Amino acid sequence: MRFDAHADQYQNNYSKEQNAQFTQVFGELTQEFVVAMNAGLTTSDEHVQALVARHYAFVSQFWKPNREAYKSLAMSYILPSPYRDYYEGVQSGLGKFHYDALVVWADANLN
């Protein structure tokens with residue numbers, strides 16, 4: 001799997017207002033992952049996997065990742081990157097939790 005398989009697929013042709021809304025929705029979804037992690041749910045838990053499905057739907061507004069590309073994005077949550085920094089800035093361990101959850105979902109739902 002290429003770490004950067006997702007990098008050249010992202011597209012954003014949305015307005016400033018739409019991007020502000022996306023930022024809000026993404027922040028709310030991130031907080032739901034924090035709640036799930038703090039509740040001790042496993043990354044394969046049905047509720048967590050439903051959050052990942054929402055995350056995938058969110059991401060799909062910008063690009064349509066296949067399994068390799070989605071798992072590549074997930075790797076950016078644990079390797080040095082702005083994504084990892086963001087998640088770890090929200091809560092320690094969130095990047096790894098999010099990575100593990102995305103990998104489970106991708107393996108079960110994507111080709």
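What percentage of the 111 residues of the protein count as buried? After that, please take me through helix H5, residues 94-109, and the helices that cover its buried residues.

Modeller: The model is a predicted one. Of the protein's 111 residues, 40% count as buried. The secondary structure consists of five helices and zero strands, so the order from the N terminus reads α-α-α-α-α. Among contacts between residues at least 6 apart in sequence, 68% join residues at least 24 apart.

Now to helix H5. This helix has 16 residues, numbered 94-109. At 1.5 Å a residue, H5 should span 22 Å, and its end C-alpha atoms are 22 Å apart, which agrees. The expected span is 1.5 Å times one less than the number of residues, which is why the end-to-end value is the one to check.

The buried residues of H5 are Leu 94, Gly 95, Phe 97, His 98, Tyr 99, Ala 101, Leu 102, Val 103, Trp 105 and Ala 106. What covers the buried residues of H5 includes helix H1 (16-38), helix H2 (46-59), helix H3 (67-75) and helix H4 (82-90).

Take H1 as one of these. H1 and H5 pack at an angle of about 95°, with their axes 10 Å apart. That angle makes H1 roughly perpendicular to H5, because angles from 65 to 115 degrees count that way. On the H1 side the contact is made by Thr 30, Phe 33, Val 34, Ala 36 and Met 37, and on the H5 side by Leu 94, Phe 97, His 98 and Ala 101. These residues divide into seven nonpolar, two polar and no charged.

H1 also packs against H4, at an angle of about 60° and with the axes 11 Å apart. This makes H1 oblique to H4. H1 passes H4 in a right-handed crossing. Here the contact is made by Phe 26, Gly 27, Thr 30, Gln 31 and Val 34 of H1, together with Tyr 86, Tyr 87 and Val 90 of H4. The residues of this contact divide into five nonpolar, three polar and no charged.

Thr 30 is buried, with a relative accessible area of 2%, because under 20% counts as buried. Leaving aside neighbours within four places in sequence, Thr 30 is in contact with Tyr 86, Tyr 87, Val 90 and Leu 94.

Asp 85 is also found in helix H4. At 47% relative accessibility, Asp 85 counts as partly exposed, because the value lies between the 20% and 50% cut-offs. The C-alpha atoms of Asp 85 and Gly 95 are separated by 8.3 Å, and these two residues are 10 apart along the chain. Gly 95 is one of the buried residues of H5.

H3 is itself mostly covered, with seven of its nine residues buried. These are Ala 69, Tyr 70, Lys 71, Ser 72, Leu 73, Ala 74 and Met 75. What covers them includes H2, H4 and H5.

Terms used
Residues numbered from 1 in each chain as written. Predicted model: local features only at pLDDT ≥ 70, side-chain atom pairs only at ≥ 80, totals over all residues. Heavy atoms only, no water. Helix = DSSP H or I, 4+ residues; strand = E, 2+ residues; numbered from the N terminus. Buried < 20%, exposed > 50% of the residue type's maximum accessible area, 1.4 Å probe, protein only. Contact = heavy atoms within 4.5 Å. Axes fitted to C-alpha atoms, helices over the stretch in contact; angles between N-to-C directions. Parallel < 35°, antiparallel > 145°, perpendicular 65-115°, else oblique. Left-handed = near helix turned anticlockwise from the far one by under 90°. Nonpolar A, V, L, I, M, F, W, Y, C, P; charged D, E, K, R; others polar.
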